[in-house]
Amino acid sequence: MATLLQSINELIDNITVTDRQEENIKQSLSNIEGHLNNKDNKLSVERTFTNGSYERDTIIRPLNDIDIFAVLKFDDWKDQYGNLPNPQSVLTKIKNYLNGLHDYKDKVKQDRPCVTIELSDKNFDILPSFEISGGGYRIPNYNLTDWTYSYPEQLTKDLDDTHKLRNYKLKPTIKAIKYWNRENGKIIPSYHVEEVAINIFKINSFANYEESIRIWFNNAEYNLLSQKFNSNDDYNSVMKKIKRDRDKLNDAKKKYDEGKESEAKKNWKEIFGKEFPTVDEEEAKNFSKALSEGSLKIGSTGALSTTAGSAIGASKGFFNGISQD
């Protein structure tokens with residue numbers, strides 16, 4: 001039967017984008033960016049770049065929003081006084097252009113503060129922006145009344161630096177937190193999950209994903225910023241859910257240390273839901289059979305599977321997780 005640590009690894013494997021999905025995303029991105037950068041589209045796009053979870057390798061499946069910054073030429077959009085137009089007028093122009101293309105007809109909508117292309121299995125969010133001298137971008141604010149400031153490339157660098165500092169195990173940790181966030185109604189802005197993780201793990205090390213996820217929950221309430229949420233009610237709701245599951249994780253650790261591993265796994269299952277694996281006796285037998293037949297596989301995080309991952313050489317036997325070769 002899988003251990004708690006193996007089950008957590010499998011959870012991360014279950015929500016990680018596959019190579020096939022990655023290739024499909026790249027093809028769609030190439031097509032969208034090709035249209036945006038077309039010099040005849042009258043949008044005056046200077047360049048495009050991907051950002052968000054996809055660019056920072058913290059995206060999870062099922063796939064959701066993939067962010068594309070469309071950097072516009074300031075001189076072509078400003079008025080005679082050097083002022084930018086209302087964000088709504090810019091978004092409308094981009095939306096109308098994309099909706100007029102055969103590839104995206106009736107698949108385009110506005111989803112503040114961006115334009116969204118809804119494909120069959122994923123969405124692409126196009127965010128109009130104007131580059132700021134010295135770094136950063138001006139992007140539409142949430143209410144579409146003005147332009148605000150964003151520094152997405154700095155977040156990417158900070159995350160990469162902290163990921164390296166923590167032996168390249170931070171991003172899988174963030175994926176697990178983002179999955180929890182999605183299961184709870186996306187109560188925390190996705191990028192803020194990453195900001196909180198960076199703050200926490202610049203000063204906290206960890207040995208495995210059980211510890212890193214638990215550390216995030218134990219420190220999140222001191223790092224989440226109320227101004228990142230749409231309302232105080234949203235912020236208070238987040239705090240309540242985090243404290244609830246923080247206590248469950250700490251209780252699970254206590255049970256784990258007492259040798260009550262199955263009870264600890266039940267706590268994790270309550271928190272992470274359907275993608276947290278439960279291995280029953282029948283599945284353990286299937287693993288043993290797959291190993292003897294040479295069809296057992298291992299995922300990128302070390303989780304065992306009979307369907308996905310790299311093949312493990314055939315063994316004469318498999319008993320309680322220990323090969324009998």
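**Charged pairs and packed helices**

Arg214 and Glu210 both belong to helix H9 (residues 209-219), where four residues, or about one turn of the helix, lie between their positions; helices (H or I, at least four residues) and strands (E, at least two) are DSSP runs, numbered from the N terminus. The model is a predicted one, in which local features need pLDDT of at least 70 and side-chain atom pairs count only at pLDDT 80 or more, while totals for chains, interfaces and linings use all residues. Residues are numbered from 1 along each chain as its sequence is written, and side-chain values use heavy atoms, with hydrogens and water left out.

The side chains of Arg214 and Glu210 are joined by a salt bridge, with 2.7 Å from N to O; the term is used for a side-chain nitrogen of Lys or Arg within 4 Å of a carboxyl oxygen of Asp or Glu. Side chains of opposite charge can pair when their charged atoms come close. Glu210 has a relative accessibility of 7% and therefore counts as buried, and Arg214, with a relative accessible area of 15%, is buried as well (buried is under 20%, exposed over 50%, partly exposed in between, with a 1.4 Å probe and protein chains only).

If you now follow the chain to helix H10 (residues 232-257), you will find Lys255 and Asp251, which are separated by about one helical turn because they stand four residues apart in that helix. Lys255 forms a salt bridge with Asp251, and the closest N and O atoms of the pair are 3.1 Å apart. Of these two partners, Lys255 is buried at 19% relative accessibility, whereas Asp251 has a relative accessible area of 30% and is partly exposed.

Helices H9 and H10 also pack against each other, at an angle of about 140 degrees and with their axes 9 Å apart; axes are lines fitted to C-alpha atoms, for helices over the stretch in contact, and angles run from 0 to 180 degrees between N-to-C directions. On the H9 side, Glu210, Ile213, Arg214, Trp216, Phe217 and Asn218 take part, and they meet Ile242, Asp245, Arg246, Leu249, Asn250 and Lys253 in H10, where contact means heavy atoms within 4.5 Å.

The structure holds 19 salt bridges, and another of them joins Lys78 to Asp75, with 3.5 Å between the closest N and O atoms. Here Lys78 is partly exposed at 36% relative accessibility, while Asp75 has a relative accessible area of 57% and is exposed.

A second pair of helices is formed by H6 (residues 152-165) and H8 (residues 190-201), which pack at an angle of about 45 degrees, their axes being 10 Å apart. Leu155, Asp158, Leu159, Thr162 and Leu165 make this contact from H6, and Tyr191, Glu194, Glu195, Ile198 and Phe201 make it from H8.

Finally, look at the loop between strand E6 (137-140) and strand E7 (147-150), which is where Thr145 lies. Thr145 counts as exposed, at 55% relative accessibility, and when residues up to four places away in sequence are not counted, Thr145 touches Asn86 and Pro87. Although Thr145 and Asn86 are 59 residues apart along the chain, their C-alpha atoms are separated by 6.6 Å.
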